[in-house]
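Trainee: Please put the model on the screen. I would like to go through it by question and answer.

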Amino acid sequence: MRIARKRGLLLEALPSSGRELRDLASKHPNLVLVKLDVANPSAITDAAKIVEGKLNGMGLNLLINNAGIYTPSSSLETADTEDMIRTYKTNAVGPMLMAQAFLPLLKKAAQASTEKGLSCSKAAIINISSIMGSIEKTPESFFKPVISYRCSKAALNMLTKCQALTYGKAGILCVALHPGWVKTDMGSQEADLTVDTSVRGLLSVLPTLSEKHSGTLLNWEGKAIPW
């Protein structure tokens, strides 16, 4: 997990990216690393307490749930209980528990803000989802079945919609974003987008989000993706 104190920004990542985060933190003194396993409820609670201390009484403006796992071989023939539960714990349950744990800090930021409406600079939960969680779009990408991943991302999309309807009343924007098919360890080098292209796109979308986007699934260019 990394925190940018001045912006009240909290992002989390799986251990595989720990080296990259440490390198980034060494170059930017305003970033603080906090240990977190999104599949471990007690670790989430502990992380929330640490973040609260780091914020020195301030609220948290932006929570980005980015951690995710993907089983390439998961098909209708091979997916089993362990695969499904493990994927759901990280991809769907983790973001739910993260939002619960950090909700008081997000509410504090929303209450302290003088901005009208909803925005990422006020208070927001951004769930990094996938077009593979879109039921309508499934036929276009089913050459990669990845059943456990698809089902978990569909669940995350539903979670985002429910969070929007609930947390929006407290001034918290909730949106799901699809980063595209990116050239990462998960996406492989077959993917369409470089990390730089995807990240720059997502960063350009975040400031444009408002209440009209609450509970929606958008791609890295800000275009709506059907459920």
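Predicted model: local features only at pLDDT ≥ 70, side-chain atom pairs only at ≥ 80, totals over all residues.

Trainee: Among contacts in the protein chain with a separation of 6 or more, what percentage comes from residues 24 or more positions apart?

Mentor: A contact means heavy atoms within 4.5 Å. For contacts with a separation of 6 or more, residues 24 or more positions apart account for 69%.

Trainee: Are helices H2 and H3 roughly parallel or roughly antiparallel?

Mentor: H2 covers residues 41-54 and H3 covers residues 81-112; their axes come within 10 Å and cross at roughly 30°. Angles under 35 degrees count as roughly parallel. H2 and H3 are therefore roughly parallel.

Trainee: Is the crossing of H2 and H3 left-handed or right-handed, and which residues make the contact?

Mentor: The crossing is right-handed. On the H2 side the contact is made by Pro41, Ile44, Ala47, Ala48, Val51 and Glu52. On the H3 side the residues are Gly94, Leu97, Met98, Ala101, Phe102 and Leu105.

Trainee: How many nonpolar residues does the contact of H2 with H3 have?

Mentor: Sorted by class, this contact has 1 polar and 1 charged residue. The number of nonpolar residues in the contact of H2 with H3 is 10.

Trainee: Are H3 and H5 roughly parallel or roughly antiparallel?

Mentor: The axes of H3 and H5 are 8 Å apart, and the helices pack at an angle of about 20°. H3 passes H5 in a right-handed crossing. With the cut-off for roughly parallel at under 35 degrees, H3 and H5 are therefore roughly parallel.

Trainee: How many nonpolar residues are in the contact of H3 with H5?

Mentor: H3 contributes residues including Met84, Tyr88 and Leu103, and H5 contributes residues including Tyr149, Cys151 and Leu159. By class, the contact has 6 polar and 2 charged residues. Its nonpolar residues number 13.

Trainee: Is Val146 buried or exposed?

Mentor: Val146 sits in the loop between H4 and helix H5 (147-167). Its phi is positive, about 30°, although Val146 is not a glycine. With a relative accessible area of 1%, Val146 is buried.

Trainee: Is Asn56 buried or exposed?

Mentor: Asn56 is in the loop between H2 and strand S4 (62-65). Phi of Asn56 is near 50°, a positive value in a residue other than glycine. Since its relative accessibility is 67%, Asn56 counts as exposed.

Trainee: How far apart in space are Ile135 and Cys151, C-alpha to C-alpha?

Mentor: Ile135 is placed in the loop between strand S5 (124-128) and helix H4 (138-141). At 65% relative accessibility, Ile135 counts as exposed. Ile135 and Cys151 are 16 residues apart in sequence, and their C-alpha to C-alpha distance is 9.4 Å.

Notes:
Residues numbered from 1 in each chain as written. Heavy atoms only, no water. Axes fitted to C-alpha atoms, helices over the stretch in contact; angles between N-to-C directions. Helix = DSSP H or I, 4+ residues; strand = E, 2+ residues; numbered from the N terminus. Parallel < 35°, antiparallel > 145°, perpendicular 65-115°, else oblique. Left-handed = near helix turned anticlockwise from the far one by under 90°. Nonpolar A, V, L, I, M, F, W, Y, C, P; charged D, E, K, R; others polar. Buried < 20%, exposed > 50% of the residue type's maximum accessible area, 1.4 Å probe, protein only.
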